[in-house]
Every structure is written in C-alpha cells, then in structure tokens.
Amino acid sequence: MRHYNPRRFYLSFLRTVATTYFYPKGVITMRQTPVIRHRWLSILLSLVFLFVTVAAQQKPSQQMDEDFARSVREWTTKPEFMSPLVDHLPKVPGIPSPKDVLGYHIGTPKKLTHTTDIYRYYRALESKSPHVKVMSIGKTDEGRECLVVAIGAEETIRNIETYRGYLAQLADPRNLSQAQATDIISKAKPIYHLMGGLHSGETGPPEMLMELAYRLAVEDSPVINAIRDNIIVTITPVAEPDGRDRYVDWYYRHKTDETGEQDSMGGPPYWGKYIFHDNNRDINYSQVTFRNLLEWYLKWHPPIMHDLHESVPFMYTFSGQSPQQPTLDPILYGELPWFANFEMAQMIKYGMPGVWTHAFVDMWSPGYLAFMSSNHNGMVRMYETFGNGGANTMKRRVAPPQGGAGNTSREWYRPMPPYREVEWSIRNNTNFMQTGVLSALQLTSQFPKIILENFYKKSINSIESGKNEAPHGFVIPPQKDMTRVELLVNLLRLQGIEVGRATAEIKVKEGAFPAGSFVVKRNQPYGRLARILLEKQKFPDPTLRTYDDTGWTMGLMLHTEVSEIADKAILDAQTTPVDRLSIKGELKSGSAVAYAILNHGSNKLITARFKLKDLKVQANEAAIKAGETEIPPGSFIIAANQGGDVASRIRSAIEPLGLTAIPLSSNPEGKMHEVDLPRVAMYTTWGNTQEVGWVRHAMDMFEVPFDLIYKERVKQGNLHGLYDVIIVPNQGRSGKGLVFDLDSRRKPLAYTKSDQFKSHGYYGESEDITGGMGLEGVIEFKKFLDSGGLLVTLGQASFFPAEFGLTRNVDAGRTSPQFYAPGPIVEAEILHPSHPIFYGYTSGRISIRYANGPLLNLPEKDRASRVLMRLPGGDKSVLSGLMRNPNEISNRPAIVDVPVGKGRAILFATNPCYRWQNHGEFKMLFNSILHFNDIKTMGKPVEVKANDAGAPTSGRQN
C-alpha cells in the first residue's frame, strides 16, 4: 500500500481525461468542432486548477486505497461526474472500510446491500472507531431493527448525552435567560441528521451513507476534520428496512439484466407492510417504523434533517420554493436557499453538471416525513439524485421523449444543466450525492453557532408568535364521541405539541367552554405546528400547483369540534398537562333485559361488534328513548338473556374502546335489524397496493377481519360462496387500469417466498404479478353481485363497475383540465340520513376530503333513490385547501347505492379511508360492512338545509 500522493493521482486523472476526450482512442472523441474542443479544454484547465487546490489541502501522510480510486474512476461514466471530495478513500489500519466488511466498494456495479449487512458494517465501524456510536431506536412491522448512527469527534461521542442535553434546552428555551442560551450555544454542537432509504426503490442513499460514515470517521483533511470537530453527524442508514430488503431481493431476482427504462421490470408490489411511497406522506405518523424516528427526533432535536431521495437528473437540492407554509418561521426560508446555493456553487466549481435548486418540491404541506424538522423549528433538507432503481449502468434519456428541454434547460436555478442523454451508474449517483452532502456538512462546520442560534431563535419565535399573533390557541370541548377527541389529542401529543385539560370553565370572546375541555396554547415551542395542523388551510395563490395535499385540517378530517381562539385570554386558562389521553368506556349500572351500546359516531363501534361476535346484536333504525337517554340510530341492542354474564362481556369489550352502554329495563320499540357479521374480502391489484394498504391498515387497527384477494383468487370464481362483502379500495386510476393492471413483461414476474428471496411472498404470493384479472375476473364480480354480494368501491376504483357494465345505469366521467383539486376538504350533503351508511352522523352536511374520483351520473329517474350523498360544489363548499373551478362538481353524486341482481354495489366517488387522516369518513365504510344485508332502496331524499349544523362556522370545526 503506497501513501496517497495527490500530485501523482491528479496527473493520472487528467491524463485519463485527455485520453478520453481529445484522442481518437477515447471512448468519446470531441474532435467534431473547435467550439466543442475549446469547451472541453476550458473544463480541463479548470479541473487542473481545482484539483491542485484541493490536493494541497490533503495530508499526504495518510494512506489511500488505490484499488478504490482505480475502481471508482472505472465506474464513473464521465470525469465530470466525479469530485475531489470523493475520488479517494483513506486506508486506516484496523478500521474497516465498507469493502473490508461487505467484500466490495460502494458503487460496485450490480451490487446492492441488504439491511442486515448494512447494519453489520456500521457495527463493525463502531467497534473499531471512537468516532462512531450506533443507537437502536425500535423495530419495524416485520421485526427488523431501526438504527441511528452518530459520528463526531472522540470527545463528542464520549459525551454525546451532554450534547443532546444542550440541544434539548435550545429546543425548549422557556427556562433560559439570554445569557444562559448564549452560554449553551457556545458549548453545543449542531446535529446534522441524514436519512436514506425511505423510498425503497431509491437504492443509492443507503449505499452512499456507508462510505460517507467511514470517510467522516477516518479521513484526515481540513474539510473532514472541521466537520468532525464542529458538528455531530447522525445517520438513519435505512429508513424503511422492510422495504429495503424486499426491493434488494427483487433487484437480484428480476432487474440485474436491465439496460435502460425500456426493459425495466419495475419494483416489488410491496415495500413496507401497508404503504409504499406514502411513507413520506404519513402526516399522522401511523406507521410504527416512522414513529420510531419521530420519537428519536423529539429526544435528540437535530437542528438539520436531510432526506436523501432519487428521481430527477442529476441532483436537485431543495430550496423551499412557493407555495410556502406561511406559519413556519421566516428564518427557515432564508436558510434553505443558503444551503442549496452553496452546494450548487461548490459542485459547479468541481465541474459537476446538472445540479439545481428550484421548480420541484414546495414548502406547503407539513406531512412529509423529514418535515418533522421544520415543523419543530429545525431545518428540513432534501436531495433528489438521479438513480436507476438498482445498481446497473444504463443509458438514460434525460430530455422528454416528446420533445422539449424538460430538466435539461438552462435556468437561473440550473446554470449548468444536465445532458439530454447520459450513461449513468450507481457510482455516479454516489459521487453526486456524497459531494453534495459533504458540501452541506462543510457549510455547517463553518457556521455551527449560526445554525444553533437560528434553531434557538426559531424556538423563541414560536413561543412569541403564540403570545402576539392570533389565534392564540385552540379548544377541543367534551363531545358525545370522545374516542375521536382522544385520537386528536394523542396525535398532537405524538408530535410533541403540549395539550392541557381545563380545570375550570373557560370564558373567552368566542364563548364559554366547560371544565374538562382540552386546550392547545400557542405560546409553546411547537405552537406554530399546532396552528398548521388545526387551522383551516387558505391556499396562498390559486394559480400555483402543489406537490401534495392542500388541506389537512385535523378537526375537519376527524369530524371533531375544534374552536380557534383569537382571544389572548386563552393563554391564562388554568389547565393540567395531558401526557396521553385514554378514554375509558362505561356500562352504566342498572337492571336490564337488554343493553344498548350507543352510536355517537365512533369508529370503534365496529371493533366492539367483532369483539362480541358470539352475541346476537341488533341495530335500531331510528332514534329511540330510554328514560332520559336518546339511543341514536345504529346503536347496538343486545338482549341480556343470551347465556352467561352478558353485562361483563359487554363491559370488557367497550371499556378499553371508550364506548358507552346503558341498561334497558324493557325491550325497545321501533324497527330493528340483525347486525350480522359478514365475510369480508378486499381486492387489490398487484400494481397498486398502496391505497389498498391504507384501508388494510385501518381495518387492522379497528380489528376488522378480512381476506386480501388478488386476481388469482378472483379468477377461481365462487366469490359469493366465500364472501358477503368485497371492498375495492381506491386504485387503478380507471376501470381499465384496475382490470388489466400491470403489462406483461418479457418474463413472469414472480413474487413468492423462497430460501433465496425470503422477503417476498408477504401479504400475498403470485408466480406472475402482471396481467390483471382481465375480463374473466369482471365476469366473476358480476356473478358475485348477481348472487347477492355487496360490492363497495372507493374513489377511482368506482370507475370499474361503471365502465365495465356492472352497474349498467351508472356512468363515470372526468373533470376538465382546468379543474384542479389537490386534496382539499369540501362539504358534502347527506340526502338519505336514515340509510345505514350514515348511522352515527347527526348532520346533513359533513366535511370530506375530495378524492378526484369519477364524476358519477345516473338517469334522472334513479337519482332520488340511489344518490345517497352529493357534492354541492362552488367556492363556498371548499372548507380547507384549494379547488380550482369547483362548479365542475356541483351536485355530482358522492355516494351511490345501486341494486344489481340479488346484490348491491355502493360506489364512493370520494375515498372514505384516505391515509390515516379522514377518520370522520371511515365510519361510512365501516357501516357498509356492518349493515351489508340490511341496505334497502331508499325513497325520496330529504331537503338539506343550508344552515345545517355540519358546516363549520364561527371558527368551530364540527
């Protein structure tokens, strides 16, 4: 092993450049025109100056891995895709490099690393380097470990809890004087957190981070020494470990022979247990893997969190473009372009093309995973680096195939654009991403106190904002259904937002609220986040587009009353802190011939029914009185004489669910029906499992048993012999897409468990996931309906029965290109409130999330009896977020109920089970299940009054 000689290395590198670009034997000759020769000569001279400058900063006493340098030169497809920050790697005796543990360098063609081996590397590095600490932060759904790795100076790692404590004080500075804060800042070090592998098909970041960790731990150079001495770098090596292993198995099973997009085999049907790409859209942190990370974040308070993704060429660095969330601290909007422009300038200086900073992701939605940082007064950062969905070197077309420049145009934010065509490798990906990260770390290491001061100042500003700007708080009063209040309070607490419970009546200008109300005061470190989540979203510019949803107001999504308080007196309300709210259910005492579990709209009612599956249960079809208590429609009436201690069974079922039951001294009068337990199936395509996953997740959380069925089971037939209800969640984007699903590839795409591919076969197996159920499957669905089954389609899946003739008199259209509705919350009118689907709803007008489903249309003679809910349309119907040209949906059906043969089809143009957000709509789906065989054709719809209580008014969100 020779010592690293910068002069010899860079002369060799420049010789390679000259040979490649200026001599006939080069791979690409640049002899076509003097202009081209002049361009490359300029680049060459710039590289000479640059590399000599950087080389002068290196310490020649440190040994370098010449095999690494030779290999990465070979795997990097153009010299300008390399930088002097990553073209070498130290070789330190006794400290393992990635190759020492894995057997290959990072960026080796056709090599991807499973999670267990990634973790094995970090633990090997920790065991030999005092600069590294590995922390286990929990488990995934499938039992894989979640890790965070810390890297810093030896003293820093030894005293890392002390440094964690400093950041905790800056995150909540209410007990600090300015002098104390200044003293802490002088001693503290910012944590710069890097996260890779959130999206499993974006395979490069988990590879690159291993090399980065080693470089940060061992390299002896001015840049790296400053990083190690002045900041703490933490790494989430694989944010989605379950999906990482599934994708790596898929890559080795199906993708190693790919040469370009034209022969791509796509990815596996699953990443995590429930969700795919939406793991970066889980605003309420429903998934256990990401709750682990949030819990770690709120304990360690990294001022910067950097999420590494792959998509656009060659590297986009996030700058926080419009539409911007105006409630976040303005300091953030100065920090983001500061970092992005520095990285772009550095990488252009190194001769790296295709780095840009604008015209991609905006700062509107708070729901992206890494936004846990900006939501908590930190700085969110994000890259999109060009990737091939694996480790193959490919020829890629960058410019759009239909013509035009696309991302290859020169713009103010893209002064050195990517090439229109390129040969791209995973090593290119590593070079770009690691160079960008090192540049960001370099900037942070030069201004660590500025980063800490800004973090502290944003925390102070959040507190002051709550004191000086309305709204000053929010009140969640006691409500008939306290289970949704419980959910809302705990979702706020999950994100570190302080919630108090009023010890006495609260009187403010907005009205009086009883003792026991829940109060969210905004004069707290995360008061800005509380406002973002609880207020109605007013989109700043209707001409702008947004990357994700425009509306998410929690009270509207949960159908829970939340009052916005502009009266500053709310800050003086006497409250006791709530850690975690737990609502205990109650069976009231008294002799009984029957019991009534009251239906006040709780989604947990369906859980209770399945817990009491051995008891006979009836539902009242209209409200009835029991003494002074009203029993709402859809309540569960349970006779006491069913053997054994029925009261104890009811009590044990409802107490942990937060439900209320009362004894009945006589059998209630009025029309009732049996609440039979259906056999439920959920249909999923292989190519669109994500939206299905959200419904699966909700069903599992509320303990509703079901079978997940695919095209293979549908084609076998006899569906009604096994199932009473089939749910088809939002998927497919059209009837054709749902029926025919993935195009066939040149070979079968197997997703089956084997000794070699152990992560496959989860949640279903197939020898070939392509092809869809086809017309054969459509026929089986028709048989299911004709023989008496209930088909429930959600959102875009409702194109399927309309377009394929299962519901012959229902048409499905689409909005015009001028219509734009990125997830707003809108008003809907319930036309048949006595229909079982609306048990638990007390208003004729409710808030729903608009889902861009089909525009359903029925013959006029059928509308009165079959349209259960409609969308009034118009600007006034938009309660939160943005809908452009809302009149296009005026009076369109939101839900239709259509008899088909002996069965029925319920078509939701909306999506009543969207992510883990619109809990107020879940009950419509759950009611469809519970009352599957007691749905009847309705008569004339009721008149919906414009001033009905369901429309939020005066700051209250009902």
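This note sets out numbered points on the predicted model of a single protein chain.

1. Basis of the values. The model is predicted, and local features need pLDDT of at least 70, side-chain atom pairs count only at pLDDT 80 or more, while totals for chains, interfaces and linings use all residues. Residues are numbered from 1 along each chain as its sequence is written, and side-chain values use heavy atoms, with hydrogens and water left out.

2. Overall architecture. The protein chain has 28 helices and 40 strands; helices (H or I, at least four residues) and strands (E, at least two) are DSSP runs, numbered from the N terminus. The radius of gyration is 30 Å, close to the 30 Å that the globule rule gives for 958 residues, so the chain is as compact as a globular protein of that length. Here the radius of gyration is taken over C-alpha atoms, and the globule rule is 2.2 Å times the number of residues to the power 0.38. Along the principal axes, the C-alpha atoms fill a box of roughly 95 × 70 × 55 Å.

3. Of the 958 residues in the protein chain, 63% are buried. Buried means under 20% relative accessible area, exposed over 50%, and partly exposed in between (1.4 Å probe, protein chains only). The accessible surface of the chain comes to about 34700 Å², and carbon and sulfur atoms account for 50% of that surface. These areas come from the Shrake-Rupley method with a 1.4 Å probe; for residues, only the protein chains shown count as cover. Among contacts (heavy atoms within 4.5 Å) between residues at least 6 apart in sequence, 80% join residues at least 24 apart.

4. Packing of helices 7 and 8. Two packed helices are described by the angle between their axes and the distance between the axes. For helix 7 (residues 160-171) and helix 8 (residues 178-187), the axes come within 10 Å and cross at roughly 145°. Axes are lines fitted to C-alpha atoms, for helices over the stretch in contact, and angles run from 0 to 180 degrees between N-to-C directions. The crossing of helix 7 with helix 8 is left-handed, a term used if the near helix is turned anticlockwise from the far one by less than a right angle, and right-handed if clockwise. On the helix 7 side, Y163, Y166, Q169 and L170 meet A181, I184, I185 and K187 of helix 8. By class, this contact has 6 nonpolar, 1 polar and 1 charged residues; Ala, Val, Leu, Ile, Met, Phe, Trp, Tyr, Cys and Pro count as nonpolar, Asp, Glu, Lys and Arg as charged, and the others, Gly among them, as polar.

5. The loop between strands 9 and 10. H376 is found in the loop between strand 9 (362-363) and strand 10 (379-386), and S373 is also placed in the loop between strand 9 and strand 10. H376 is buried, with a relative accessible area of 1%, and S373 counts as buried at 0%. Leaving aside neighbours within four places in sequence, H376 is in contact with L294, Y297, L298, F455, Q495, Y526 and L529. With residues up to four places away not counted, S373 touches Y297, P302, P303, I304, M305, G378, M379 and V380.

6. Partly exposed positions. R291, in helix 12 (residues 288-300), is partly exposed at 30% relative accessible area. Its contacts, not counting residues up to four places away in sequence, are N284, Y285, S286, L491 and L494. T576, in strand 19 (residues 575-577), is partly exposed at 40%. Under the exclusion of residues up to four places away, T576 touches V499, G500, R501 and T503.

7. Backbone geometry to inspect. Most residues other than glycine have a negative phi, and most peptide bonds are trans. A cis peptide bond joins S322 and P323, with omega of about 0°; P323 is found in strand 7 (residues 321-324). Another cis peptide bond joins A470 and P471, with omega of about -5°, and P471 lies in the loop between helix 15 (448-468) and strand 13 (473-476). N718, which is not a glycine, has a positive phi of about 55° and counts as exposed at 53% relative accessibility. R915, also not a glycine, has a positive phi of about 45°, but counts as buried at 6%.
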